[in-house]
Amino acid sequence: MYTWCSRRALDAGVPAVPVVAVLFCGAGGVLGCFAGADAVRWCVSPGGWPVVAYLAVVATVAPYLLWSRGMATTAPVVATTLALAEPLTAAVPAAVRLGEPVTGRLAAGGALLGAGLALTAVLGRLEARVAQG
């Protein structure tokens, strides 16, 4: 849904910043309804603010602005496929740098993501060849 809404707004000429702002504020409002009091207290605590700011700006807003700008020149199917690789790009550094355990589920998920990305690349090339004649 995010990809579809983003692409329609970008195709209509809306700049990336307002697109991301509106979609994330809407999602935040919906998710905020489910946040417990403990989550809210933690976020507004003195130690919580720097973490919230980092997660908001560095881990969320900046990547999605880049993604939205890239999506203006990329097909939605490609953009969505690349976005689905995000969990893998988070899990690998977590295992390598932070020592997170690589479980069987994590390895299977990574293998499935890799296979899906490879299949998408192969099918994309085949589709391009068929279109060329």
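Visitor: What makes the contact between Arg7 and Asp11 a salt bridge?

Guide: In this predicted model, the closest N and O atoms of Arg7 and Asp11 are 3.0 Å apart. A salt bridge requires a side-chain nitrogen of Lys or Arg within 4 Å of a carboxyl oxygen of Asp or Glu, so the pair of Arg7 and Asp11 qualifies. Side chains of opposite charge can pair when their charged atoms come close.

Visitor: How many salt bridges does the structure hold?

Guide: The structure holds 1 salt bridge.

Visitor: Why are Arg7 and Asp11 said to be separated by about one helical turn?

Guide: Both residues belong to helix α1, which covers residues 2-11. They are 4 residues apart in that helix, and therefore about one helical turn separates them.

Visitor: Is Arg7 called buried or exposed, and why?

Guide: Arg7 has a relative accessible area of 17%. Buried means under 20%, so Arg7 is called buried.

Visitor: And Asp11, buried or exposed?

Guide: The relative accessible area of Asp11 is 55%. The cut-off for exposed is over 50%, so Asp11 is exposed.

Visitor: How do you know whether Met1 is buried or exposed?

Guide: Met1 lies in the segment before α1. Its relative accessibility is 75%, and because exposed means over 50%, Met1 counts as exposed.

Visitor: On which side of the buried cut-off does Ala91 fall?

Guide: Ala91 sits in helix α6 (residues 86-98). Its relative accessibility is 19%, and the limit for buried is under 20%, so Ala91 counts as buried. From Ala91 to Pro101, 10 residues apart along the chain, the C-alpha separation is 9.7 Å.

Visitor: Which residues form the nonpolar patch on the surface?

Guide: The patch is formed by Trp42, Val51, Tyr54, Leu55, Val57 and Val58, with about 570 Å² of accessible area together. Helix α4 (residues 48-71) gives the most to the patch, with 5 residues.

Visitor: Why is Leu55 called partly exposed?

Guide: Leu55 is found in helix α4 and has a relative accessible area of 43%. Buried means under 20% and exposed over 50%, with partly exposed in between, so Leu55 is partly exposed.

Visitor: What makes α2 oblique to α4?

Guide: The axes of helix α2 (residues 16-32) and α4 come within 9 Å and cross at roughly 125°. That angle makes α2 oblique to α4, because roughly perpendicular covers 65 to 115 degrees and roughly antiparallel begins over 145. The crossing of α2 past α4 is right-handed.

Note on methods
Residues numbered from 1 in each chain as written. Predicted model: local features only at pLDDT ≥ 70, side-chain atom pairs only at ≥ 80, totals over all residues. Heavy atoms only, no water. Patch = residues over 30% accessible without salt bridge, like charges linked within 9 Å, V, L, I, M, F, W, Y side chains within 5 Å. Areas by Shrake-Rupley, 256 points an atom, 1.4 Å probe, with all protein chains shown as cover. Helix = DSSP H or I, 4+ residues; strand = E, 2+ residues; numbered from the N terminus. Buried < 20%, exposed > 50% of the residue type's maximum accessible area, 1.4 Å probe, protein only. Axes fitted to C-alpha atoms, helices over the stretch in contact; angles between N-to-C directions. Parallel < 35°, antiparallel > 145°, perpendicular 65-115°, else oblique. Left-handed = near helix turned anticlockwise from the far one by under 90°.
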